[in-house]
Amino acid sequence: MPVQATHMGPITRLLTQDKNGRRLLLVIAVLAIVVPFCNLLFPAESVLHISTYTMTLLGKYLCYALLAIAVDLIWGYCGILSLGHGAFFALGGYAMGMYLMRQVGDRGVYGNPELPDFMVFLNWQELPWYWLGFDSFAFSMLMVLLVPGTLAFVFGALAFRSRVSGVYLSIITQAMTYALMLAFFRNDMGFGGNNGLTDFKDILGFDLQSDGTRAGLFIASALALMLGYVISRVITASKLGRVLVAIRDSESRARFLGYRVEHYKLFVFVVSAMLAGVAGALYVPQVGIINPSEFAPIFSIEIIIWVAVGGRGSLYGAVIGAVLVNYAKTWFTGAFAELWLFLLGGLFVLTTLYLPRGVIGLWPPLQQRWHRYRQQRDLVHQEDCL
Amino acid sequence: MRIFVLFCLACCSWSAQAQLAEADLTLQRLAQQLAVASYDEKSALISQMAQLPAERKKPLLEALASNSLYSRESDQRLFVIERFKPGERIQAFFYDESLLIESRRQKRDFDKIGINNAIRRTLSSELALMEVSSGSDQQRRLAAEQLLKSPQDIDASRLQALIAQESSPAVAEVLGLVAALQQLTSADSSQRLAAIKTLQRSLYPQVRVALVQHQGRLDASNPLQAGEYQLVQKTLASIDQLQQLNGYARDLYFGLSLGAVLLLAAIGLAITFGVMGVINMAHGEMIMLGAYTTYLVQQLMPAGSEVSLLVAIPAAFLVSGLVGVVIERSVIRHLYGRPLETLLATFGISLILQQAVRSIFGPLNREVATPEWMAGTFMLNPGLELTWNRLYIIIFSLLVLVLLAWVMKRTLFGLQMRAVTMNRPMASSMGIRSGWVDALTFGLGSGIAGIAGVALSQLTNVGPNLGQAYIIDSFMVVVFGGVGNLWGTLVAAMSLGVANKVIEPFAGAVLAKILLLVFIILFIQKRPRGLFALKGRAVEG
Amino acid sequence: MSIAPKHIEQPSVLYMDGVSVSFDGFKALNSLSMCIEPGEMRAIIGPNGAGKTTMMDVITGKTQPDCGTVLFNDQHDLTRYDEAAVANLGIGRKFQKPSVIESLTVFENLEMSLRGGRSVWQALRHRLTAEQQDKLDHILALIDMTARLDTFAGNLSHGQKQWLEIGMLLGQQPQLLLIDEPAAGMTDEETMKTAELFKTLAQHHSLMVVEHDMDFIAALECRVTVLHEGSVLAEGSLASVKANDKVIDVYLGR
């Protein structure tokens with residue numbers, strides 16, 4: 001990296017140096033335009049038509065990619081392996097789900113204008129206080145950021161101040177999401193228990209089942225992913241990012257240099273949790289349901305494998321990993337449901353053993369080989385000419 | 001002299017036999033009359049028969065009580081007929097005669113000896129008294145406890161006579177309670193007061209019910225009954241107090257047994273994580289493999305279901321241990337010093353093992369039989385009945401822990417294991433094959449997880465997800481207790497188990513679990529190295 | 001025996017009195033007392049387990065002493081600060097094992113160490129000023145790495161890492177430098193070069209150097225303190241310490 005790089009601000013760095021990042025942003029931007037375009041403008045029988053199902057699926061992948069970026073930001077750059085990031089994703093999802101639930105109004109099965117169906121079913125008389133305010137979209141979106149952010153802040157402040165790190169942190173984050181899962185399974189928590197929140201009707205007055213709304217959600221997911229990438233890149237390309245790397249590589253060195261490691265970790269942890277929350281909030285209207293299974297520890301660990309497969313510490317690797325693994329999952333669970341867990345398990349083992357840098361780590365050696373091959377070819381060519 | 005004694009003994013035995021034979025004859029004579037007697041006469045006859053020292057009176061009266069005693073019209077011979085079905089063979093009671101039922105029509109040849117409710121009550125009382133007076137002390141006490149259920153059915157004078165000649169104090173005590181329950185309804189108030197006093201410290205639920213009923217009959221505002229009312233109230237309070245203590249004891253017992261389960265699940269982890277520092281997310285699946293091994297062993301030896309559990313213990317140890325060694329050699333070995341990677345790789349292994357088991361055994365839970373010696377309950381006092389299997393598991397978990405501590409502290413392998421984990425290069429240079437020690441240590445931890453699986457197969461469902469349910473708990477226990485400290489693991493497991501059961505009544509099972517998880521999360525913030533942390537430079541690493 | 005500070009009225013950079021630390025009954029420091037004056041360079045020697053590293057841990061806020069006073073510039077009670085706060089007060093520490101950020105370049109390592117801008121917000125908005133650039137150039141020249149500024153620190157040789165870490169200490173512009181076995185793993189030539197560097201540094205900073213290498217200490221030409229079992233065994237010039245019977249017994253050997 002040239003010296004003058006450090007004189008630049010992070011945004012300039014992004015524009016001038018992060019070649020792969022620019023490619024990624026370009027691909028997402030193209031997707032954000034082409035996919036809804038092909039979905040809405042071409043008739044179903046056209047070759048160019050992209051079905052709403054496919055678009056929703058891609059939208060789901062975009063949300064997962066944003067979640068993967070959130071995890072890569074803390075794991076790849078700061079060495080915090082959170083096995084509970086699914087919790088932040090789910091909390092963002094629940095905040096959105098609560099808004100969507102309030103939008104249902106009296107169109108539920110019981111037709112109660114005030115209470116969601118599951119509360120009527122439980123014989124509740126009035127809306128619990130923590131549901132207040134969720135009729136407002138703006139408030140709900142604020143909560144999408146604030147709820148995961150606050151949890152991350154409280155949890156992180158406690159954990160990082162007492163210097164819980166490494167494996168211990170991983171285990172207690174897992175315990176955190178597990179505890180939340182148990183809590184959300186309880187009916188009297190007021191979040192729909194086992195079934196979660198579902199049967200949504202519309203968002204901001206648009207019908208959730210219509211192609212137009214789906215296309216809008218897809219574009220929103222793409223924009224969120226791009227924004228998430230830029231925010232994460234700004235952070236990692238700044239001196240803050242280098243301090244994070246310092247913390248990852250040698251926490252004590254960073255401390256003895258005078259950096260308050262816990263503040264840095266807390267900052268990036270909260271940002272990451274908020275990104276995850278946004279991902280969850282965009283995910284829920286597209287899949288149409290949010291339930292406690294998103295809190296399951298296995299989901300959180302799956303996120304880690306997306307990042308590991310893609311290659312951690314690069315941000316775009318996380319995106320690639322999330323899409324690859326989830327595409328494989330969609331395909332396998334359709335074709336050979338039995339084999340999926342074998343494959344996923346195998347992925348864990350093989351990537352940690354043989355692909356520590358992930359898929360993107362394969363690229364430079366391939367590139368080198370290609371160059372060498374070209375050189376040799378040119379050489380042979382020259383000899384031939386001679 | 002000796003001859004005289006022998007002679008006396010012979011006489012005695014002869015006269016005893018003679019008496020018995022005579023009693024049997026009387027019994028037969030009385031029984032024969034049943035067929036023609038009125039209900040009142042039947043009652044009297046039954047009482048007479050019950051007094052006889054005859055051996056066969058019990059089956060006879062039992063047959064009568066279950067409405068299956070018949071008399072043949074032609075010769076008044078008595079038959080016990082449970083079902084009147086062609087092809088059945090029936091047996092005359094006092095005669096050596098049996099006959100085959102050929103058709104239903106034969107039923108007309110027999111008259112059933114009918115009984116009414118009063119007779120049935122007399123019969124059950126007599127039978128119960130018979131139970132009380134025969135068999136081992138243990139059986140007789142159980143029979144006496146049966147009497148508590150319907151004290152009014154028993155003839156008071158007969159009961160008093162029984163108490164007077166009772167040799168076992170335990171039986172006498174229960175019979176005394178029966179008598180006291182009878183006297184609660186007595187018209188004599190001094191007798192009632194004495195009865196209440198007798199019942200004071202009794203924890204039998206029937207006693208409490210009777211006292212509450214009795215309290216209902218009393219009128220507190222009546223000056224004649226006020227004293228008695230208060231006495232009953234006081235007695236009830238003292239019983240309730242004892243019951244509460246019982247409740248605590250039960251919570252403690254359940255808590256300790258839950259703790260034992262946690263301990264079993266965590267001990268293996270205390271080795272792999274605590275000693276070696278390997279984060280084995282497949283630990284739960286090692287437990288699961290142990291449980292499935294138990295299932296397989298039972299399938300292989302269906303006849304020996306009583307011992308199959310004992311066979312399963314070494315088998316599960318070997319299976320899980322071997323799988324552990326294979327995992328260590330093939331994957332974990334390459335990841336030493338990279339704990340987060342180890343965590344991910346072993347998680348992958350756990351997914352593969354789960355799916356493998358699901359593919360082989362199917363997704364449904366498998367039934368593992370509980371041997372008879374583990375089933376059932378034992379009674380500490382009348383209000384506190386506890387199941388055996390939990391006690392066995394508590395003992396078993398402690399045994400495993402002690403055995404493991406012994407292996408670690410007293411054997412050569414334990415020494416090598418500690419040497420390798422403390423200073424690998426030094427250990428290697430002293431000729432210890434550190435690679436093998438690693439593999440065997442990991443195998444040991446996994447094998448113990450397998451043993452835990454045997455125990456868990458007795459408590460929970462054996463299915464592919466068995467392991468997942470325990471992995472987080474196990475880590476919590478190890479971290480809470482202090483990594484690398486077996487006794488810390490013990491204390492942590494037991495205190496978490498008991499805490500869980502203490503909170504449960506107030507908060508419910510799920511909330512109790514959540515509260516404990518939150519507590520541990522907060523605890524780790526406060527003391528990142530657990531309850532019993534090692535201090536000093538060595539741990540800073 | 002504890003040695004009372006000689007000039008308690010005189011200003012000191014570091015003042016330690018009666019500091020004790022124990023781990024599970026083992027006394028790593030036993031009523032240690034020591035005083036370092038402004039601009040002084042001090043060498044610390046002592047056998048393994050004498051408490052050298054623990055002493056540094058106490059000074060830098062990593063370990064809490066059970067009792068005792070640790071004062072910086074006669075005013076800051078160091079026992080009440082954590083590592084980052086101690087570092088920001090002006091105490092730099094170099095570890096025995098070179099600890100540089102391996103996946104950052106030499107330049108980025110040094111840039112990170114520059115004084116100021118420690119808060120999250122400042123780090124996010126950080127731009128290198130011309131003044132800071134000059135300072136970096138100066139340090140790069142001092143540690144002889146101008147040509148390697150784009151090399152990843154992980155790719156440096158052991159001795160170069162040591163130097164880079166010293167450079168990072170300088171970037172912090174500390175008043176007091178704590179240096180743990182700087183010569184370990186260095187060639188003789190590098191060792192001597194390092195000794196020269198320290199002597200240059202001592203013109204502007206106070207230094208405390210823990211070392212085993214007697215030649216290196218001799219080259220430093222400074223006062224020497226001998227630690228043994230957590231307290232000071234002897235203090236004085238290298239020659240006087242070497243002649244001390246007790247020191248010969250426990251450390252140097254006859």
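This is a predicted model: local features need pLDDT of at least 70, side-chain atom pairs count only at pLDDT 80 or more; totals for chains, interfaces and linings use all residues.
Reader: Which helices of chain A supply the side that touches chain C?
Author: α1, α8, α9, α10 and α11 of chain A each supply at least two residues. The largest share, eight residues, comes from α9(A).

Reader: And how do the residues on that side divide into nonpolar, polar and charged?
Author: On the side of chain A that touches chain C, 16 are nonpolar, eight polar and 10 charged.

Reader: What area is buried between the two chains?
Author: About 3,100 Å² is buried between chain A and chain C, with carbon and sulfur atoms giving 60%. In residues, 34 of chain A are in contact with 38 of chain C.

Reader: How many salt bridges between chain A and chain C?
Author: Four. C:Glu165 forms a salt bridge with A:Arg253, with the closest N and O atoms 2.3 Å apart.

Reader: What does C:Glu165 meet within chain C?
Author: The side chain of C:Glu165 also meets C:Lys94 in a salt bridge, at 3.7 Å from N to O. That pair links helix α6 and strand β6 of chain C, 71 residues apart.

Reader: Is C:Lys94 buried or exposed, and why?
Author: C:Lys94 counts as buried because its relative accessibility is 0%. C:Glu165 is likewise buried, at 0%.

Reader: Switching to C:Asp144 and C:Lys193: what is the N to O distance in their salt bridge?
Author: 3.9 Å. C:Asp144 is exposed, with a relative accessible area of 54%, while C:Lys193 is partly exposed at 40%.

Notes: Residues are numbered from 1 along each chain as its sequence is written. Chains are lettered from A and ligands numbered from 1 in the order in which they are written. Side-chain values use heavy atoms; hydrogens and water are left out. Contact means heavy atoms within 4.5 Å. Buried area is the accessible area (1.4 Å probe) that two parts lose on being put together, summed over both. Helices (H or I, at least four residues) and strands (E, at least two) are DSSP runs, numbered from the N terminus. Ala, Val, Leu, Ile, Met, Phe, Trp, Tyr, Cys and Pro count as nonpolar, Asp, Glu, Lys and Arg as charged, and the others, Gly among them, as polar. Buried means under 20% relative accessible area, exposed over 50%, partly exposed in between (1.4 Å probe, protein chains only).
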